[in-house]
Amino acid sequence: MHAFKEISPKELKDNPFVMIGTDWLLVTAAKGDKVNTMTASWGGVGILWNKPVAFVFIRPQRYTKEFVDDADTLSLSVLNNSFRKTLSYLGTVSGRDEDKIQKAGLTIRYEDNTPFFDEAEKVLLCRKLYRQNLEPACFLEQQIDASVYPEKDYHAMYVCEIEKILTC
């Protein structure tokens, strides 16, 4: 097991464009005694409502969405580049079809009842504050709607307070 230390959001030095857009995140939540995860490369971090927040986007057909919707908290885990194949696998296989976490060889840990991965370099432990589905009428650039949502399967946006950051 890794020895994680807690840092404050102000101590996070990672470039969010790299951490989210290049390295990817694992969005992980529990539903009852089950845990599911998915990769994410859309989202961000910042300050909203005077709180440090992360925001992520999940399409309605993703199995992980059921877990995120059911839970009060979720984790955002950042794994190093040696896990790239694992991340690709976790992003393409559904937890509905198999125990993809076990098959990927990842170790689930918990902090304050929120699941995350021992193999992570960094973990943002988050409490959900807000959820809203993206609305077609709100796109100011209609080409985004046409190119990203041809099936009209609009993401739900989750704004979550970053309660803890764990790092190795």
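Reply: Let's begin with a definition: helices (H or I, at least four residues) and strands (E, at least two) are DSSP runs, numbered from the N terminus. With that in hand, find K122, which sits in strand β9, residues 122–133. Before going further, note that this is a predicted model, where local features need pLDDT of at least 70, side-chain atom pairs count only at pLDDT 80 or more, and totals for chains, interfaces and linings use all residues. Residues are numbered from 1 along each chain as its sequence is written, and side-chain values use heavy atoms, with hydrogens and water left out.

Is K122 buried or exposed? K122 counts as buried because its relative accessible area is 10%; buried means under 20%, exposed over 50%, and partly exposed in between, using a 1.4 Å probe and protein chains only. Which side chain does the side chain of K122 meet in a polar contact? The partner is the side chain of D14, at 3.2 Å. A polar contact is a pair of N or O atoms within 3.5 Å; within protein, one must be able to donate a hydrogen and the other to accept it, and residues adjacent in sequence count only if both atoms are side-chain atoms. Setting aside neighbours within four places in sequence, K122 is in contact with L12, D14, M19, L76, S77, V78, I165, L166 and T167.

Some of those names come back at the largest pocket. L12, D14 and I165 are among the residues that line this pocket, and so are P9, K10, P16, V45, G46, I47, P52, V53 and I162. On a 1 Å grid over the protein atoms alone, a pocket is an open set of points where a 1.4 Å probe fits, with protein on both sides within 12 Å along at least five of seven lines, and lining residues have an atom within 4 Å of a point. The volume is about 190 Å³, taken as the space filled by probe spheres set on the points. At least two lining residues come from each of β4 (43–48), β5 (51–58) and β10 (156–167), and β4 gives the largest share, three residues. Sorted by class, the lining holds nine nonpolar, one polar and two charged residues. Here Ala, Val, Leu, Ile, Met, Phe, Trp, Tyr, Cys and Pro count as nonpolar, Asp, Glu, Lys and Arg as charged, and the others, Gly among them, as polar.

Now follow β10 to A156, a residue of that strand. A156 is buried because its relative accessibility is 1%. Although A156 and N133 are 23 residues apart along the chain, their C-alpha atoms are separated by 4.1 Å. Beyond four places in sequence, A156 touches V56, F57, I58, K65, R131, Q132 and N133.

K65 from that list brings us to helix α2, residues 63–70. At 10% relative accessible area, K65 is buried too. The side chain of K65 is joined to the side chain of Y158 by a polar contact of 3.5 Å. Residues touching K65, again leaving out those up to four places away, are I58, R59, P60, R131, A156 and Y158. K65 is one of the buried residues of α2, together with Y63, T64, F67 and V68. Their cover includes β2 (25–31), β3, β5, β6 (73–78), β9 and β10.

The most come from β3, with three residues. About 150 Å³ of space lies in this pocket, and its lining has five nonpolar, three polar and two charged residues.

Definitions and conventions:
Contact = heavy atoms within 4.5 Å.
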